[in-house]
Amino acid sequence: GVPFGLALFYSVSDVTVGSTEMRFVGLKHFRELLDTPKFLQALKNTLLFAVVSQCLVLILANILAQALLHEFRGKWVVRCLLLLPWVAPISLGSIGWLWIFDSIYSPLNWTLQALGLLGPHTRIMWLGKPELALGCVIVVHVWRLLPLATVIQLAGLSSIPQEIHEAAAVDGAGFWRRHFQITLPLVAPIMSVAVLFGFVFAFTDMIVIYVLTRGGPYNSTQVLASLAFFTGIDGGDLGEGAAISLFLFPFLVAIAMLMLRLARRTEVA
């Protein structure tokens with residue numbers, strides 16, 4: 001709790017790196033941030049980054065969990081490969097994605113050229129164009145969080161008694177009806193845990209963005225976590241950096257309370 005308390009104290013002061021003086025400024029940093037275009041762009045990117053990535057993670061994790069629930073040859077190999085993005089160091093994985101998205105040596109560009117979808121001398125600047133850079137960052141973030149969400153949903157699916165599905169099948173319920181009326185309601189509490197962890201990671205993590213784009217180009221991939229780092233550490237303005245990092249804290253607390261309350265009500269029901 002000491003770092004968090006220190007961040008709260010810094011956010012209402014004018015503390016800077018290399019200075020021994022510190023004055024209380026109240027909510028000055030928070031008011032000024034609301035009038036800063038760079039901060040508003042980072043806030044918009046953060047919300048878009050979190051919502052889109054979590055929607056993709058939930059959908060893909062549900063599909064993978066449904067597939068891994070059945071027995072097939074080589075299932076343990078697939079599970080090991082699925083967990084690699086989560087157990088491997090994210091900095092190492094991000095460097096690998098950095099080369100995948102490289103404008104000159106990108107295997108994506110080479111594949112598109114081999115398929116005839118790009119000209120022989122045409123290269124896509126995956127991380128150099130604002131409209132593509134944010135999408136690439138979201139893809140890497142989904143790749144990173146997908147294993148955790150899949151394992152959580154797989155645990156939820158495994159806990160559902162098979163007799164429920166068998167009884168529904170006898171009554172004539174098809175796959176989609178069983179999935180939406182039986183499976184999803186029963187795994188909703190554990191899915192809410194995956195969503196909660198996903199939102200926390202999306203709002204607070206900056207490793208992927210730091211390695212791939214450093215917030216560029218033109219702040220198109222800048223999120224609050226990276227902006228707080230560049231402002232407070234690289235820029236030396238610890239007070240403003242702390243204010244940026246704490247800006248969404250009430251929002252995160254509200255999400256956590258809502259998710260846990262929904263999960264508890266579902267379990268009681």
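Predicted model: local features only at pLDDT ≥ 70, side-chain atom pairs only at ≥ 80, totals over all residues.

Biologist: How many helices and strands does the protein chain have?

Modeller: The protein chain has 13 helices and zero strands. Read from the N terminus, its elements run α-α-α-α-α-α-α-α-α-α-α-α-α. Along the principal axes, the C-alpha atoms fill a box of roughly 75 × 60 × 30 Å.

Biologist: What share of the residues in the protein chain is buried?

Modeller: Buried means under 20% relative accessible area, exposed over 50%, and partly exposed in between (1.4 Å probe, protein chains only). Buried residues make up 41% of the 269 residues in the protein chain. One example is H141 in helix α7 (residues 130-158). H141 counts as buried because its relative accessibility is 1%. Apart from residues up to four places away in sequence, H141 touches F49, S53, F201 and A202.

Biologist: Which residues form a nonpolar patch on the surface?

Modeller: Accessible areas come from the Shrake-Rupley method with a 1.4 Å probe, and for residues only the protein chains shown count as cover. Patches are made of residues with over 30% relative accessible area and no salt bridge; like charges are joined within 9 Å, and nonpolar side chains (Val, Leu, Ile, Met, Phe, Trp, Tyr) within 5 Å. Here W76, V77, L81, L83, L84, W86, V87 and V151 form the nonpolar patch, with about 770 Å² of accessible area together. Helix α4 (residues 75-87) supplies the largest share, seven residues. W86 is placed in helix α4, and W86 is partly exposed because its relative accessible area is 33%. The protein chain exposes about 15,500 Å², of which carbon and sulfur atoms supply 68%.

Biologist: How many salt bridges does the structure hold?

Modeller: Side chains of opposite charge can pair when their charged atoms come close. A salt bridge is a side-chain nitrogen of Lys or Arg within 4 Å of a carboxyl oxygen of Asp or Glu. The structure holds three salt bridges. D14 pairs with R23, and the closest N and O atoms are 2.9 Å apart. D14 is partly exposed, because its relative accessibility is 22%, while R23 is exposed at 59%. K75 pairs with E71, with 3.4 Å between the closest N and O atoms. K75 is buried at 12% relative accessible area, whereas E71 is exposed at 69%.

Biologist: Where do D205 and R144 lie in the chain?

Modeller: D205 forms a salt bridge with R144, the closest N and O atoms being 2.7 Å apart. This pair links distant parts of the chain: D205 is in the loop between α9 (175-204) and α10, R144 is in helix α7, and the two are 61 residues apart. D205 is buried, and R144 is buried as well.

Biologist: Which residues does a cis peptide bond join?

Modeller: Most residues other than glycine have a negative phi, and most peptide bonds are trans. In this model, a cis peptide bond joins G216 and P217, with omega at about -5 degrees. P217 is found in the loop between α10 (207-212) and α11 (224-234).

Biologist: What is the phi of Y218, and what is the phi of N219?

Modeller: Y218 has a positive phi, near 55 degrees, and N219 has a positive phi near 60 degrees. Y218 is placed in the loop between α10 and α11, and N219 is found in the loop between α10 and α11. Y218 is exposed because its relative accessible area is 76%, whereas N219 counts as partly exposed at 24%.

Note on methods
Residues numbered from 1 in each chain as written. Heavy atoms only, no water. Helix = DSSP H or I, 4+ residues; strand = E, 2+ residues; numbered from the N terminus. Contact = heavy atoms within 4.5 Å.
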